[in-house]
Amino acid sequence: MNLTLYGYDGDWLAVDCGMMIRQDLPDNPLQVPNIDGLPALGIRPRALVITHGHEDHIGAVAWLWPRWGCDIYATPLAAGLLRTKFAERGLATDAIRIVEPGEALECGAFLLRYLPLTHSIPESCALLLTTPAHRVLHTGDWKLDPEPLIGAPVDEQLFRSLPPIDLVVGDSTNAPLPGKSRSEGDVARALQGTLSDCQGRVIVSCFASNLARVLALGHAASHCGRRVSLMGRSMERMVRIARGLGYLEEFPALVPVNDLGYLPPEEVLVIATGSQGEPRAALSRLAQGRHPDFELQAGDTVIFSAKAIPGNERHIERLHHALRQRDVRILEEIHHPELHASGHAAQDELNQLYEWIKPRYLLPVHGEHRHQLAHRELAQARGIVAPLTPTNGDLIRFDEDGLAVEARYAQAPRIITQDNIQPLEGLIAPKGDPKERHGDLFLWVAVIPADMGWVRIGRLIVDSRATSTLDETSLSDWLDDTLSQSEADTLAQLRTQLQPRLMQWLSDHLRHLPTVHFQLTAAEIDMYR
């Protein structure tokens with residue numbers, strides 16, 4: 001989830017306000033940023049600025065914006081998605097103001113300019129933040145796609161005109177990956193070729209927000225003589241909003257799902273949600289034979305035009321198994337990488353952008369710790385000063401002396417429970433432990449499932465305000481041993497198994513037991529969405 005605050009001369013701007021799904025908690029609740037401590041620091045944003053419409057950038061707006069009541073600036077697609085979210089919560093939408101890509105506006109001490117970049121959703125923009133003393137480029141999520149299908153490629157001359165750039169706050173998601181991310185144009189051609197070879201009905205699952213992929217599927221269907229139907233509420237909503245904004249004008253006419261039975265199998269293409277194995281999504285209902293209007297048949301083809309999000313691997317394995325039980329042919333991204341493209345910049349694209357804008361400093365954001373380290377290494381090789389790997393809660397000063405962490409504020413988790421924002425309580429102490437809590441300990445562990453148990457990936461992230469010293473090496477060794485012996489299938493099950501053992505270990509090794517905030521998250525090794 002993303003929320004960045006920029007302050008200058010008493011004025012503050014909030015950039016993005018997203019959510020994340022806590023896969024390690026029962027029922028997978030949403031987690032939103034903790035903004036409880038902002039008033040005590042004198043921080044109240046005069047505007048919320050949105051870079052693009054993905055959930056990890058806008059998913060918490062309807063929950064947190066009422067505390068601020070400020071203007072919200074967003075491009076048309078993101079604004080349309082926000083209006084839908086506000087309507088669902090009974091909020092007025094007057095504060096949502098549309099900014100076209102390329103436009104500029106003044107917000108207190110800030111001059112703000114939206115700079116179009118390509119990503120896996122239309123209208124993604126970087127933000128050029130200018131004050132009397134700074135020129136800062138906040139990239140948002142981006143890649144350099146020469147053939148994005150919707151919208152224009154990135155304007156090289158526009159970005160070459162930006163220097164001097166004092167600081168780039170940059171997307172680190174694909175920083176460890178060499179080369180370039182695949183173009184949506186390449187994926188479109190691969191999908192058309194694959195569709196031409198398919199017999200029977202074809203169901204393609206992709207992220208609803210990837211409108212370029214949806215458009216490519218519509219064109220491929222027309223080329224191959226197939227009719228198109230949409231399946232899944234989020235897909236239908238996204239296409240409806242996009243069409244209302246003038247996107248997808250060349251998309252073929254849709255066939256209602258309940259009319260597909262009248263068409264010959266070789267004339268059917270369904271675009272469905274559920275690529276991540278979500279139990280209630282359209283594709284899972286098809287695999288389980290629970291869809292009221294459509295039933296998979298032997299010889300049908302299911303194409304996964306999306307990468308598995310870390311943590312969903314076993315959900316997807318179960319979905320694949322259910323599909324195979326119905327004798328359905330499966331094409332997925334691991335064995336057919338040409339069917340998907342990442343929306344984030346790999347190393348060649350990062351180097352290209354930095355050649356254009358020539359930043360003096362980099363602050364790497366968005367991604368795990370090791371992604372940020374890889375981003376720092378790339379920047380430093382270019383002579384860009386990159387002294388910090390920021391974490392949540394850092395208050396960072398940028399002045400003539402460079403970047404420095406001025407303070408670090410604990411960010412105790414906040415989750416959505418029973419339609420309210422609630423604190424996520426710390427772990428329960430071992431039964432009968434009489435110790436009082438002293439300080440706070442934040443533990444963040446990234447794992448992947450293995451053939452036997454689970455494996456920890458990257459370093460153990462520890463943020464300790466406890467009064468007792470923690471031996472991180474001993475804790476890491478204990479965690480590795482314990483993870484390797486776990487038979488849990490999901491992150492939520494793994495957390496349930498781990499937390500009492502973890503608290504017992506801490507109780508045995510610390511003189512004063514702190515309040516423990518523990519988060520398990522899924523990692524991936526080689527590639528990123």
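Reader: Is arginine 370 buried, partly exposed or exposed?

Author: Arginine 370 counts as partly exposed, at 26% relative accessibility. Buried means under 20% relative accessible area, exposed over 50%, and partly exposed in between (1.4 Å probe, protein chains only). This is a predicted model: local features need pLDDT of at least 70, side-chain atom pairs count only at pLDDT 80 or more, and totals for chains, interfaces and linings use all residues. Side-chain values use heavy atoms, without hydrogens and water, and residues are numbered from 1 along each chain as its sequence is written.

Reader: Which residue forms a salt bridge with arginine 370?

Author: General idea first. Side chains of opposite charge can pair when their charged atoms come close. A salt bridge here is a side-chain nitrogen of Lys or Arg within 4 Å of a carboxyl oxygen of Asp or Glu. Arginine 370 pairs with glutamate 368, with the closest N and O atoms 3.1 Å apart. Glutamate 368 is buried, at 13%. Elsewhere, shared partners link Arg22, Asp24 and Arg495 into one network.

Reader: How many salt bridges are found in the whole structure?

Author: The search finds 21. One of them joins aspartate 300 to arginine 201, at 2.9 Å between the closest N and O atoms. Helices (H or I, at least four residues) and strands (E, at least two) are DSSP runs, numbered from the N terminus. Aspartate 300 lies in the loop between helix H8 (282-287) and strand E16 (301-304), and arginine 201 in the loop between helix H5 (184-196) and strand E13 (202-205), so the pair ties together parts 99 residues apart in sequence.

Reader: Are aspartate 300 and arginine 201 buried or exposed?

Author: Aspartate 300 is buried, at 2%. Arginine 201 is buried too, at 9%.
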